[in-house]
Amino acid sequence: MTEHVSNSSMLEVRNLKKYFKVKNGWLHAVDNISFSLDKGKTLGVVGESGCGKSTLGRTILRLTEPSSGEICFTGTDITKLDKNQMRVKREEMQIIFQDPYASINPRMSVSEIIAEPLLVNHVYSNKKERLEYIDYLMETVGLAPRLYNAYPHELDGGRRQRIGIARALALKPKFIVCDEPVSALDVSIQAQILNLLMDLQDKMDLTYLFITHDLSVVKHISDEIAVLYLGQCVERAPSRELFTNPRHPYTRALLSAIPVPDLSARNKKTEVIRGEVPSPVNPEPGCRFAGRCPYGTENCRQKDPELLEISPGHFVACPNVDLLA
């Protein structure tokens, strides 16, 4: 795949693969994914459960080691960094986890959780400065001062996730992987957290990789969206373009499944994805969606389709894309 790489790119991922050894062979969790992400922008990553979204995010941060490929962060291929070099670089790369309760220590207070990365990385050796910075972070994410000594079990899901966001911001990162940060929250709280993330992005010039299975959420926050299916990127486009002109059959099926709160849309046709999801273990060559695709042909099963640019910024991996115009 050939695509233009902007001089403002903060992150460039090239031919990234992550395979896991399992009993019957190799599970292809992330398979040959490439993209670039500009500074201050948000790339949304969507797809069904098990498509490799979270593995992609963790591999980019090297929380999971890649099988092959390049991850260039601010011009440095971090796959070549040793443990100590990566520890320094990781201060600029953080993650917000999906479950706000499982990702924080229940035995630590709010202030202790936020202070932990500062202590581990020896930031603010002066205790007064550290406490003032913790106060600033709590105020930034909307945590009241009265919660300073509170414990996670005393708080609701929204406040717990605000703790996770404050902890991710503690080392002043440039890039944050948001791994389904609102999926465990009530709808009203989801909107608050999304608006907070967007405000923080504008205020701190942050760059996000936003992982979710909720297309309405990703439309709200993303500049560009990548659609994953069984470890491969099948379509990538600017957010508005993807929603108005989806070209891959899988993307179209996902979009048609979004509930529309309008009685006039009750006769809207839903594109049903039929058939079983194939195994990601030792997958056969060819398009992995071919067996469930209404446009699938024998040609689709011969080799993996390339992610090709069909219009400026719009990439699709489908040999039959012309049929879907």
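This is a predicted model: local features need pLDDT of at least 70, side-chain atom pairs count only at pLDDT 80 or more; totals for chains, interfaces and linings use all residues.
The term salt bridge here stands for a side-chain nitrogen of Lys or Arg within 4 Å of a carboxyl oxygen of Asp or Glu. Lys80 counts as exposed because its relative accessibility is 64%, whereas Asp77, at 13%, counts as buried. For these words the cut-offs are under 20% relative accessible area for buried, over 50% for exposed, and partly exposed in between, with a 1.4 Å probe and protein chains only.

Residues are numbered from 1 along each chain as its sequence is written, and side-chain values use heavy atoms, with hydrogens and water left out.

As to confidence, pLDDT is the predictor's confidence in each residue, on a scale from 0 to 100. The protein chain has a mean pLDDT of 89, and 93% of its residues reach 70 or more. Confidence is lowest in H7, with a mean of 87, and highest in strand E8 (residues 207–211), with 97. Over residues 1–6 the pLDDT falls below 50, and this stretch has 13 contacts in the model beyond near neighbours in sequence. A contact means heavy atoms within 4.5 Å. The helices (H or I, at least four residues) and strands (E, at least two) that I name are DSSP runs, numbered from the N terminus.

Let me return to the charged side chains. How many salt bridges are there by this rule? The count comes to nine. Glu12, Arg14 and Glu70 are linked in a network of them. Glu12 and Arg14 meet at 2.6 Å, N to O, and the closest N and O atoms of Glu70 and Arg14 are also 2.6 Å apart. Glu70 lies in strand E4 (residues 68–73) and Arg14 in strand E1 (residues 9–22), so this pair ties together parts that are 56 residues apart in sequence. Is Glu12 buried or exposed? Glu12 counts as buried, because its relative accessibility is 15%. Arg14, at 34%, counts as partly exposed, and so does Glu70, at 29%.

I turn now to the helices. Why is helix H9 (residues 249–256) described as largely enclosed by the rest of the structure? The reason is that seven of its eight residues are buried. These are Pro249, Tyr250, Thr251, Ala253, Leu254, Leu255 and Ser256. What covers them includes helix H7 (215–221), strand E9 (224–229), strand E10 (232–238) and helix H8 (239–244). Thr251, within H9, has a relative accessible area of 1% and is therefore buried. Leaving aside residues up to four places away in sequence, Thr251 touches Val227, Val234, Glu235, Leu242 and Pro246.

Helix H1 (residues 53–60) is likewise largely enclosed by the rest of the structure, because six of its eight residues are buried. Those residues are Lys53, Thr55, Leu56, Gly57, Thr59 and Ile60. Just after H1, Arg62 takes a positive phi of about 60°.

Next comes a helix pair. Two packed helices are described by the angle between their axes and the distance between the axes. The axes of helix H4 (residues 127–141) and helix H6 (residues 187–204) come within 10 Å and cross at roughly 125°. Here axes are lines fitted to C-alpha atoms, for helices over the stretch in contact, and angles run from 0 to 180 degrees between N-to-C directions. H4 and H6 are therefore oblique to each other. Angles under 35 degrees count as roughly parallel, over 145 as roughly antiparallel, 65 to 115 as roughly perpendicular, and the rest as oblique. Tyr136, Thr140 and Val141 of H4 make the contact with Leu196, Leu200, Lys203 and Met204 of H6. The residues of this contact divide into five nonpolar, one polar and one charged. In that grouping, Ala, Val, Leu, Ile, Met, Phe, Trp, Tyr, Cys and Pro are nonpolar, Asp, Glu, Lys and Arg are charged, and the others, Gly among them, are polar.

I close with two loop residues. Glu180 sits in the loop between strand E7 (175–179) and H6; its phi is near 50°, a positive value in a residue other than glycine. Glu180 counts as buried, at 9% relative accessibility. Leu230, in the loop between E9 and E10, has a positive phi of about 50° although it is not a glycine. Leu230 counts as buried, at 7% relative accessibility.
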